[in-house]
Amino acid sequence: MLLDETPLFEPSLLKELDWGSSSVSFSPPICPSQPGEGLLLRPLCTADFNKGYYKVLSQLTAAGDVTPEQFIKNFEHMRKSGDYYIVVVEDTQLGQIVATATLIIEHKFIHGCAKRGRVEEVVVSSTCRGKQLGKLLVSTLTLLSKKLQCYKITLECSSTNVDFYKKFGYSVSEESYMQCRFFE
């Protein structure tokens with residue numbers, strides 16, 4: 001497979017979201033179809049490898065050295081599973097990715113074999129902060145999770161970001177987050 005414009009998931013899912021049920025307001029108004037002048041919110045595609053996708057991810061955490069072949073292999077795995085929804089915001093004038101966030105769907109046996117959404121890797125490039133793109137990404141994934149009939153959606157965040165996520169209806173859980181890290 002080449003680095004091309006094949007989307008990770010069906011783009012029409014983003015157009016079908018019910019923005020009337022969003023708990024967040026935007027000033028000036030923006031939405032997935034109109035994220036701002038010169039900006040395009042869409043599913044990740046393999047061509048994004050060359051559009052600075054890893055540069056944006058590296059502003060969040062160590063993204064690692066990934067070859068185009070590794071990227072394509074992982075992308076294809078995610079696309080075939082149908083449980084990964086990675087959205088990006090592209091600055092179309094620069095041809096660069098300036099923001100991204102991931103929704104992962106977990107299939108459960110509990111709650112009548114329900115689905116749970118998990119938000120991961122929300123990051124906006126330092127050059128584009130203050131344009132409401134983080135709000136747009138989290139709102140989009142929250143509404144998408146609801147559309148995909150998840151019984152709940154969760155995320156992990158630092159204590160400094162709790163108030164930001166509360167705007168979207170998230171609340172601090174009584175559960176403790178723990179980890180066992182094998183690699184840095």
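Helices (H or I, at least four residues) and strands (E, at least two) are DSSP runs, numbered from the N terminus.

## Basis of the model

This is a predicted model, in which local features need pLDDT of at least 70 and side-chain atom pairs count only at pLDDT 80 or more, while totals for chains, interfaces and linings use all residues. Residues are numbered from 1 along each chain as its sequence is written, and side-chain values use heavy atoms, with hydrogens and water left out.

## The sheet

Five strands form an open sheet in the order β1-β2-β3-β4-β5, and their pairing is mixed. From one strand to the next, the twist averages 20°. Two strands are said to pair if DSSP finds at least two bridges between them.

Strand β2 covers residues 84-91 and is joined to β1 by 5 bridges, the two running antiparallel. Across this pairing, L39 stands opposite D91 in β2, and R42 stands opposite V88. On the β3 side, 8 bridges join β2 to β3, again in an antiparallel arrangement. Here D91 stands opposite Q96 in β3. The strands β2 and β3 form a hairpin with 4 residues between them, and G95 in the turn has a positive phi of about 65°.

Because 7 of its 8 residues are buried, β2 is largely enclosed by the rest of the structure. Buried means under 20% relative accessible area, exposed means over 50%, and partly exposed lies in between (1.4 Å probe, protein chains only).

Helix α5 (residues 133-147) lies across β1, β2, β3 (96-107), β4 (115-124) and β5, and runs at about 25° to β3. For such angles, axes are lines fitted to C-alpha atoms, for helices over the stretch in contact, and angles run from 0 to 180 degrees between N-to-C directions.

L143 is a residue of helix α5. L143 counts as buried because its relative accessibility is 8%. Leaving aside neighbours within four places in sequence, L143 is in contact (heavy atoms within 4.5 Å) with L17, D18, W19, S21 and S22. L143 and S23 are 120 residues apart in sequence, and their C-alpha atoms are 9.9 Å apart in space.

Pockets are found on a 1 Å grid over the protein atoms alone: a cavity is a set of points where a 1.4 Å probe fits but cannot get out, whereas a pocket is an open set with protein on both sides within 12 Å along at least five of seven lines, and lining residues have an atom within 4 Å of a point. Grid points are joined across faces, edges and corners, and a volume is the space filled by probe spheres set on the points.

The largest pocket has a volume of about 680 Å³. Its lining has 23 residues, and T154, L155, S171, V172 and S173 lie nearest its centre. At least two lining residues come from each of β4, β5 and α6 (162-166), and β5 gives the largest share, 4 residues. The lining of the largest pocket divides into 9 nonpolar, 7 polar and 7 charged residues. In this grouping, Ala, Val, Leu, Ile, Met, Phe, Trp, Tyr, Cys and Pro count as nonpolar, Asp, Glu, Lys and Arg as charged, and the others, Gly among them, as polar.

The second largest pocket holds about 560 Å³ of space. Of its 22 lining residues, L60, V122, V123, N161 and Y165 lie nearest the centre. β4, α5 and α6 each supply at least two residues of this lining, with the largest share, 6 residues, from β4.
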